[in-house]
Amino acid sequence: MPAGLRVASNAMGYQAKVLEGGAPGRMADRWVAIIDDHQSVRSCLTRVMRLERIRAEVFASAEEYLAYSASSAPSCLVLDMQLPGMSGYALAQLLDRERPPLPPVIFISAHEDLLASLEHNRLAHGSLRKPFEMDDLLALVKPLL
Amino acid sequence: MSQRLAARAFTVTIFALALGATAPSAAAQRATRSTRVLVIYQQQAETRPMLEFAEQLRATVNKELGSPVEFYQEALDFDRFTGLEQSSPLASYLADKYHQFAIDIVVPVGGRALKFAVDQLGRGLPDVPVVFALCAMPQTDPTAQPANVTGRISPASRFAPTLEMARRLQPDAERVVVVGGAGPSDSTSVDAVVSAVSALGNAPELSVLQGLPLDELLPKLRQIPTRSIVIFANYRLDGRGHAYEPLDIVGSIAHAAPAPMYTQLASYVGEGVVGGSVLRFDDEAVRTGRLVVRVLRRRRGEPMPPVELIPNTFVADSRQLRRWGLAEDRLPPGTELMFREPTLWERYRTVVLLTLGIIAAESMLIGSLLVERRRRKQAQLVAEEQQRRIDETRRQVAHMGRVALVGELAATMSHDLRQPLAAIRMNAEAGAKIVARASGALDAEDRAMCEEIFSDIVADNVLASDIITRVRALVRREELRSQPVDLNEICRTSARVVQYDVVARHAEITFELDPGQPTVTGDPVQLQQVVLNLLVNALDASAASTTPHVTISTVVQGEKVEVAVRDNGPGLSGEVQQRLFESFFTTKPQGLGLGLPIVQSIVERHHGRVRAENAEGGGAVFRVTLPGTRSAGENASNLRLKTLQMQTPVANGILQ
């Protein structure tokens with residue numbers, strides 16, 4: 001069986017199930033912004049976040065994210081590097097410059113050379129090469145909530 | 001002869017040591033030990049000119065002396081460690097360090113290294129002969145040196161003859177601009193230039209740009225008047241305390257200056273400097289090495305050889321003379337001309353003679369054709385046959401070019417495939433988790449999620465197949481199709497194909513697409529190939545810019561439609577512009593030189609034309625003009641209307 005298809009471990013707490021709308025209370029103003037132009041990646045990540053009771057908002061482009069006004073900044077950004085229009089990295093630079101402080105950014109991309117260019121970059125909290133395991137993403141996201 | 005014997009004795013000693021036999025006596029060791037040379041640099045020793053100097057010096061001494069030599073070196077870098085020159089702790093540290101080694105000769109490189117060796121080190125290493133290199137008057141006074149010192153020295157500042165050369169080449173120059181850094185040796189050089197300028201009769205205006213950081217210096221330099229002589233004094237340290245190897249930056253300084261630049265070191269010539277009266281490190285290393293050997297071979301009691309004068313050497317870069325339109329025959333007599341290219345006649349003599357021969361032969365052929373009128377018809381047949389062959393070749397070349405283009409795009413395509421494949425795998429993994437988590441049957445929510453997952457997977461699979469189909473369409477060798485093609489759509493698809501390249505190069509594409517539906521009749525695959533080719537070229541060209549930017553625009557102009565691809569690269573030089581559409585002409589290292597000829601042949605087959613020009617405000621723009629379908633395509637748009645009407649009832653039943 002390929003590594004990516006390993007069945008979920010119990011440790012990740014998949015027993016808990018919550019309907020959409022997110023959990024009440026403390027978690028309500030904690031949210032994750034997912035920015036990826038690939039529709040099925042967006043929906044896949046949304047489903048995983050929903051299973052984990054994490055509130056997630058998805059955006060198909062940097063411009064769409066910039067146009068969205070939220071009452072609170074996201075706890076982290078899951079950001080595709082390659083986007084139509086403004087690139088993911090350009091978005092992080094812009095947010096860092098014009099809307100500081102920049103939330104932790106987890107860059108994702110199918111191209112390792114793009115990710116390799118991020119090494120030691122202060123704007124990158126982490127990076128994942130697509131396809132990545134959901135557990136790896138959650139391990140990066142959860143401590144930030 | 002005695003040296004050869006000594007060398008042999010040395011070899012024998014080593015041999016004995018290697019065998020672990022009896023240890024040699026102390027006397028034998030002294031008699032056969034290597035000669036020890038201590039080289040003291042006042043700069044860093046790792047820079048290219050200094051490494052070349054060290055290498056040449058070592059090679060010369062080794063070769064000429066013929067017995068083993070050990071080199072020790074100290075790079076004191078006085079430009080950065082400014083206090084060290086008068087430091088006696090440093091001197092006593094060095095004296096201690098070399099105490100055990102019995103240094104035979106000290107070679108200070110540079111005036112301040114010499115001063116340090118004599119004033120400071122001399123006490124620790126008394127009576128050791130000193131041979132200095134790369135020194136200049138008046139900073140170093142050869143008559144004031146102790147008896148154990150000799151060396152090679154420039155008789156005066158090199159800047160006086162350098163200025164003389166500049167004034168010969170540019171008699172109408174009104175100003176001398178001196179460029180220099182803030183380090184001690186930079187200041188010495190700047191002062192030398194200033195005094196050389198003021199010594200000139202009819203002294204020109206003088207500007208000194210000293211100690212500026214590089215990012216402030218370059219813009220200032222761009223603004224100087226063009227009727228100037230720029231003298232690069234030296235630039236080892238800027239005003240903010242950053243140290244530079246001048247060789248690394250002299251090129252960009254020469255490039256920024258709108259007037260010819262001159263200098264005093266041969267190593268800088270070739271980086272964009274016109275030339276000057278220069279110091280040649282390689283020559284100096286060899287001559288210093290020979291002097292070192294003469295000193296070492298002195299008989300007991302024989303005085304040191306006298307100080308040698310470094311001769312004046314004029315050097316000029318012929319490419320720079322051409323760049324600035326300076327006349328070669330105005331150079332001072334005896335100037336060594338570097339990078340001289342053969343004249344057109346020298347280079348193309350054979351080609352010219354051959355062409356003349358061919359022209360003569362062809363004239364005869366034409367003559368005989370004229371005479372033999374009876375065969376004219378036959379000749380016509382030959383011409384038709386040739387045309388047929390040319391068409392065939394063109395088809396083959398188009399195919400070849402398409403394959404070459406696909407080669408360039410294959411990387412992009414494989415990157416494109418990764419996106420849907422990654423999504424499929426991530427979705428499958430998430431689905432497997434949902435199924436594994438449910439102990440028994442799936443509940444409604446799980447089922448809904450799994451359904452979503454499956455439809456995502458199918459969508460990604462379709463996307464991946466589309467990408468593959470797109471590549472196949474490009475490689476297949478097809479006959480020309482003829483159908484209405486929306487150029488806006490072609491532009492957008494082409495941009496998607498190169499999207500990976502765009503992101504990887506931090507480039508940007510702007511669309512200025514005419515909303516009036518620029519439609520032409522033609523082959524969609526071939527037209528896409530045209531736009532793709534221009535786009536790939538534009539991206540390559542704009543890579544030279546710090547903010548690579550490409551604009552694709554479409555415009556409907558009456559009966560015609562124009563697609564323009566504009567970059568912000570360096571633009572097209574005269575020669576490039578002329579040869580642009582020649583087969584196998586390329587400016588890219590990996591290019592085949594087939595892209596634009598194919599573009600041209602496709603456009604011509606579509607009854608259009610393509611031209612290239614320099615855009616206003618920099619960069620190049622390629623314009624493809626094609627006959628639009630607006631008038632001739634009245635039928636085509638009617639046809640489309642009919643199709644729409646037929647589809648409407650099915651697609652949108654509610655409206656009926």
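Let's start where the two chains meet: 23 residues of chain B and 22 residues of chain A make up the contact. Keep in mind that this is a predicted model. On the chain B side, the elements that give two or more residues are α13 (376–437), α14 (444–475) and α16 (499–504) of chain B. The top contributor there is α13(B), which supplies 15 residues.

Now over to chain A. Its secondary structure amounts to five helices and five strands, and if you walk along the sequence they come in the pattern β-α-β-α-β-α-β-α-β-α. Chain A has 145 residues, and 37% of them count as buried. If you take the contacts in chain A with a separation of 6 or more, 59% of them are between residues 24 or more positions apart.

The backbone of chain A has some spots worth a look in your viewer. One is a cis peptide bond between Pro100(A) and Pro101(A), with omega at about 0 degrees. You'll find Pro101(A) in the loop that runs between α3 (88–98) and β4 (105–109) of chain A. Another cis peptide bond links Lys130(A) to Pro131(A), this time with omega at about -5 degrees. Here Pro131(A) sits in the loop between β5 (126–129) and α5 (134–141) of chain A.

Then there's phi. Arg53(A) is not a glycine, yet its phi is positive, about 60 degrees. Arg53(A) belongs to the loop between α1 (39–51) and β2 (55–59) of chain A. With 15 other C-beta atoms within 10 Å, Arg53(A) counts as partly exposed. Chain B has a case to set beside it: Leu134(B), again a residue other than glycine, has a positive phi near 55 degrees. Leu134(B) is placed in strand β4 (residues 130–136) of chain B, and it is buried, since 28 other C-beta atoms lie within 10 Å.

Further along chain B there's a sheet to trace. Strands of a sheet pair through backbone hydrogen bonds, in either a parallel or an antiparallel way. In chain B, five strands form an open sheet in the order β15-β17-β18-β20-β19, with mixed pairing. Its edge strands are β15 (508–512) and β19 (609–614) of chain B, each of which pairs on one side only. On average, neighbouring strands of this sheet are turned by 15 degrees against each other, direction ignored. For a closer look, take β15(B) and strand β17 (residues 549–557) of chain B, which pair in the parallel sense over five bridges. Within that pairing, Phe511(B) has Ile552(B) of β17(B) as its bridge partner.

Helices pack on this sheet too. α15(B) touches β15, β17 and β18 (560–567) of chain B, and its direction makes about 170 degrees with that of β17(B). Helix α17 (residues 524–542) of chain B touches β17, β18 and β20 (620–627) of chain B, and its direction makes about 25 degrees with that of β18(B).

Which residues of helix α15 (residues 487–497) of chain B are buried? They are Leu487(B), Ile490(B), Cys491(B), Ser494(B) and Val497(B). Around the axis these residues cover an arc of only 120 degrees, so they are on the same side of α15(B).

Conventions
Residues numbered from 1 in each chain as written. Chains lettered and ligands numbered in written order. Predicted model: local features only at pLDDT ≥ 70, side-chain atom pairs only at ≥ 80, totals over all residues. Contact = placed C-beta atoms within 7 Å. Helix = DSSP H or I, 4+ residues; strand = E, 2+ residues; numbered from the N terminus. Buried ≥ 20, exposed ≤ 12 C-beta atoms within 10 Å, placed from the backbone. Arc of directions from axis to C-beta. Pairing = 2+ DSSP bridges. Axes fitted to C-alpha atoms, helices over the stretch in contact; angles between N-to-C directions.
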